[in-house]
Amino acid sequence: MGYVWALLRPLFVGLPIIVVGKRFNLAGGMSSETNYEIYAFAGLIFFRIFYDAVECPQIVMWRARRVLKEVAIPYSAVIIASGFYVLVNLCIYILLLVTALIVFDVSVQPTALLSILSIPVFILAGLSIGITLAPVALFYLDFRYSLGFVSGVLMWMTPIFYVMQTGGI
């Protein structure tokens, strides 16, 4: 069920963003040939990569808490395990994004491929935040559960659409 949930989670989160965005014209000044659905889904994928990197150290430490009490495990093992967890999810997200690009028949601009360079930065920043928050989340379990709510609010507040100007400043 874990792999199915890994596929369905971004789709369930992305569906309201796409429906609400289309309804309230969140795309603003996007040209008509720009596919809003792919724009929104790509933004969601990058957000999920970052959020997974924040959440995974907490999940790994929560699952290994009994072992961590009794055996001296280097903390770098938590970081490495979290990194691999994020990389597995990253492969699933890329598969979903490529599938969406094929289904909506969208051609990718060469400059869009540069966004791939930001993925390691998202992962490292998320793991840094996640490792910092993991002890707090282990001590206060409510903190771990509220992080999902806060991330949802932050996701809806984050602007992901920037239309390039053709002229002027």
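The model is predicted, so local features need pLDDT of at least 70 and side-chain atom pairs pLDDT 80 or more, while totals for chains, interfaces and linings use all residues. Residues are numbered from 1 along each chain as its sequence is written, and side-chain values use heavy atoms, without hydrogens and water.

**Exercise 1.** Classify the aromatic pair of Phe46 and Phe122.

Step 1. Rings of Phe, Tyr and Trp (its six-membered ring) pair if their centres lie within 6.5 Å; planes under 30 degrees apart are stacked, over 60 edge-to-face, and the rest tilted.
Step 2. The structure holds two aromatic pairs.
Step 3. For Phe46 and Phe122 the centres are 5.8 Å apart and the planes at 65 degrees, so this pair is edge-to-face.
Step 4. Phe46 belongs to helix α2 and Phe122 to helix α5, so the pair ties together parts 76 residues apart in sequence.

**Exercise 2.** Classify the pair of Phe139 and Tyr140.

Step 1. Their ring centres are 4.7 Å apart with planes at 85 degrees, so the pair is edge-to-face.
Step 2. Both Phe139 and Tyr140 are exposed.

**Exercise 3.** State which helices the buried residues of α5 pack against.

Step 1. Helices are DSSP runs (H or I, at least four residues), numbered from the N terminus.
Step 2. Among the buried residues of α5 are Ile119, Leu127 and Ala137.
Step 3. The buried residues pack against α2 (36-63), α4 (75-103) and α6 (141-157), where contact means heavy atoms within 4.5 Å.

Definitions and conventions. Buried means under 20% relative accessible area, exposed over 50%, partly exposed in between (1.4 Å probe, protein chains only). Helices (H or I, at least four residues) and strands (E, at least two) are DSSP runs, numbered from the N terminus.
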